[in-house]
Amino acid sequence: MSAIAVSLASTRAVFCSSTSSTSSFFFSKLRSTSSAFRLSFAPPPFFLGSSRRGKLAMAHSIARDTLGLTKPAEIDAPKITFAAKEIDVVEWKGDILAVGVTEKDMAKDDSSKFQNSILKKLDAKLGGLLSESSSEEDFTGKVGQSTVLRLPGLGSKRVGLIGLGQSVSTTADFRCLGESVAAAAKAAQAGDVAVVLASSDGLSDESKLTAASAVASGTVLGVYEDNRYKSESKKAAPLRSVDIIGLGTGPEFEKKLKYAEYLSSAVIFGKELVNSPANVLTPAVLAKEASEIASMYSDVLSANILNLEQCKELKMGSYLGVAAASANLPHFIHLSYKPPGGSAKIKLGLVGKGLTFDSGGYNIKTGPGCSIENMKFDMGGSAVVLGAAKAIGQIKPPGVEVHFIVAACENMISGTGMRPGDIVTASNGKTIEVNNTDAEGRLTLADALVYTCNQGVDKVIDLATLTGACIIALGTSVAGAFTPSDDLANEVMAAAQVSGEKIWRMPLEESYWEMMKSGVADMVNTGGRPGGAITAALFLKQFVDEKVQWMHIDIAGPVWNDKKRCATGFGVSTMVEWVLKNSS
């Protein structure tokens, strides 16, 4: 038996007030202790031309930081212990025995008795009540169906049947099973739950390990609710233990369940970052979060946060042009992962778009469908990158060095802001005519990609909520991937297959670059409506060293769940898997 404790208490958010008029905020996640920090906002000399304007900007900066007086609540989240066991299901004692069943498993003989061995055994122990009750509930095993029955005669107080559809084989299938288990536990206020598959004989040993890990992470993510910004937080679910029965036991299962702990905490971290409003999660706070990750795992992670003057020295004119209108100063984030022992055969880069709010600038977002009210999620790429950094800091894969890069800023409107028609110069010397200030993410990523390539990486992936065009092409559940490298494409698609996240490779049509040519600069930053996601990728390609394998992933669709009105955490799992696949 292997038991792994998953603590969600780390997902608390704490607000700290300094003795000055400036307030500071931080999240504490998976920390045994927490420490407050203070954010100071000096007048931004790069943007202002007089001392009077400097004083006004300082006042605005302080007011901006305390806007709305919003204080996230401290939430006592549950702790869940997972264990892999081999035990007779009729003897297991607890609140709910959850059985994952396919439609085939629900097949019955002429006497209306189950043919599946586990269901048959349970039904016999219950004197036929399980088959009778499932028929009355019209439960057939379809995806989305679930029923929890309180039947006497077993060690468990209740039996839950959870539909898996025609078959169950993928990571996404098993994660959905875990989420359904969490929902059943919430509804029944259950503390101790067991999960068993009615049919697991067809699964390989590796598939059983993947299934156990996915069920565990799905359960954690299903239990988790981000109630930090609600005045009356819901009572946390009492779920405290989950036994995974019949898939196997031993050190490999213990390792996989530990991996599920790390991964689910990283996904939750990413979700919390995206869910946090722009008046709380400023570029400075995002940078502080990155520094906190590095300090938590300082044996393998280090942080270097570049300020405005340092970015100017590196000639990041494209990035700073976007940041110029905001009273909240830009912060360029660089986390470095060095494996234990320091020996790495390969260097990787992960770059995330870090717009903590995007107004569109002078091309302001207006009209139906502009989604300006949701533009706090425009830093979703940075949430993926920092979430992955958190997981990698815990897993500590050998043989690989990873650089996590975020050019954090806001795209706002003011007299110091970038105008349509302005020309900015990126750090590789290329000039860009800004024909649309709402195509700002690619401008920040341009300098971030140049910087990352200068770290000597062999491969780099950037992730960004970059274009509405990608949502039109692929919808809200699938991310678009663009790369000239078949090898890198195969690596990422293999990682996505393991993670269960949906990514589709899109064409990188070079002929479309004609739309991106400028009459007065090296390029424009948008090429119009046709092929908008492709031309955005072609733009980014101009800032990647030809010797470096590169992929751009547009996560504009799957980063946000409109129905639930919250972040999904999409991308973290795939990027962690990709790093591990490159680890020796």
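This is a predicted model: local features need pLDDT of at least 70, side-chain atom pairs count only at pLDDT 80 or more; totals for chains, interfaces and linings use all residues.
Close-up 1. Strand E6 (residues 146–149) and strand E7 (residues 156–163) pair in the antiparallel sense over 4 bridges, where pairing requires at least two DSSP bridges between two strands and strands are DSSP runs (E) of at least two residues, numbered from the N terminus. The two strands form a hairpin with 6 residues between them, and Gly153 in the turn has a positive phi of about 120°. Residues are numbered from 1 along each chain as its sequence is written, local features need pLDDT of at least 70, side-chain atom pairs count only at pLDDT 80 or more, and totals for chains, interfaces and linings use all residues. Side-chain values use heavy atoms, with hydrogens and water left out.

**Close-up 2. The open sheet of 8 strands.** The strand order is E10-E11-E13-E12-E16-E20-E17-E18, with mixed pairing. Strand E10 (301–306) and strand E18 (503–505) stand at the edges, each with a single partner strand, so one side of each lacks a neighbour in the sheet. Neighbouring strands are turned by 20° against each other on average, direction ignored, with axes taken as lines fitted to C-alpha atoms, for helices over the stretch in contact, and angles running from 0 to 180 degrees between N-to-C directions.

Close-up 3. Strand E17 (residues 479–482) and E18 run parallel and are joined by 3 bridges, and Gly480 stands opposite Trp504 in E18.
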